[in-house]
Amino acid sequence: MKIQESAENYLETIYLLGQEGKTVRAIDIAAQLHFSKPSVSYAMKRLRENGYITVEDGGIIRLTDKGGEIAERMAQRHRLLTDYLMALGVDADTARQDACRIEHVISQQTFDALRAHVDNRQNGGSR
């Protein structure tokens, strides 16, 4: 099932904030993404209804297995694409911004080929 790019961004943000050891609430997501609290609250409602997150007492947001799977995939894509673009000489800010756009449209097949290429180069291959 394909979900919208905005939902992928929200899930990735929840994942990354959680990886930093933070308790994630809608206000934290709004601050991170520079979105309004009402926009984030609406998005969280939709993500909860679709089974991507749970919202616990105190407004604590947690990823479900389904949401976590998508979030991890987006974070992995973002990291690899950012690193790859920077290795090509793109400045860090531009690389992060471009990776954020690319991560949502690149096919799994192309991403897997790119990852294999990067892995091969890191292991001394010439592919």
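Predicted model: local features only at pLDDT ≥ 70, side-chain atom pairs only at ≥ 80, totals over all residues.
Residues are numbered from 1 along each chain as its sequence is written, and side-chain values use heavy atoms, with hydrogens and water left out. Local features need pLDDT of at least 70 and side-chain atom pairs count only at pLDDT 80 or more, whereas totals for chains, interfaces and linings use all residues.

Me: Why is threonine 13 called buried?
Reply: Buried means under 20% relative accessible area, exposed over 50% and partly exposed in between (1.4 Å probe, protein chains only). Threonine 13 has 7% relative accessibility and therefore counts as buried. Threonine 13 belongs to helix H1, helices being DSSP runs of H or I with at least four residues and strands runs of E with at least two, numbered from the N terminus.

Me: What does threonine 13 contact, leaving aside its neighbours within four places in sequence?
Reply: Contact means heavy atoms within 4.5 Å. On that basis threonine 13 is in contact with Ile29, Gln32 and Leu33.

Me: What makes alanine 71 count as buried?
Reply: Its relative accessibility is 0%, so alanine 71 counts as buried. Alanine 71 is part of helix H4 (residues 65–87). Not counting residues up to four places away in sequence, alanine 71 touches Leu11, Glu12, Tyr15 and Leu63.

Me: How do you know that the span of helix H3 agrees with its number of residues?
Reply: The expected span of a helix is 1.5 Å times one less than its number of residues. For the 13 residues of H3 (residues 37–49) this gives 18 Å, and the end C-alpha atoms are 18 Å apart, so the two agree.

Me: Why are the buried residues of H3 said to line one face of the helix?
Reply: The buried residues are Val40, Ala43, Met44 and Leu47. Seen down the axis of H3, they fall within an arc of 105°, so they line one face; the arc is that of the directions from the helix axis to the C-beta atoms. An α-helix has 3.6 residues a turn, so residues three or four places apart point the same way. On the other side of H3, Pro38 and Tyr42 are exposed. The buried residues pack against H1, H2, strand S1 (53–55) and strand S2 (61–63).

Me: Which helix gives the most to the lining of the largest pocket?
Reply: H1 gives the most, with eight residues. The lining has 15 residues, with Thr13, Leu16, Gln32, Leu33 and Cys100 nearest the centre of the pocket.

Key:
1 Å grid on protein atoms, 1.4 Å probe; cavity = no way out; pocket = protein on both sides within 12 Å on 5 of 7 lines; lining within 4 Å.
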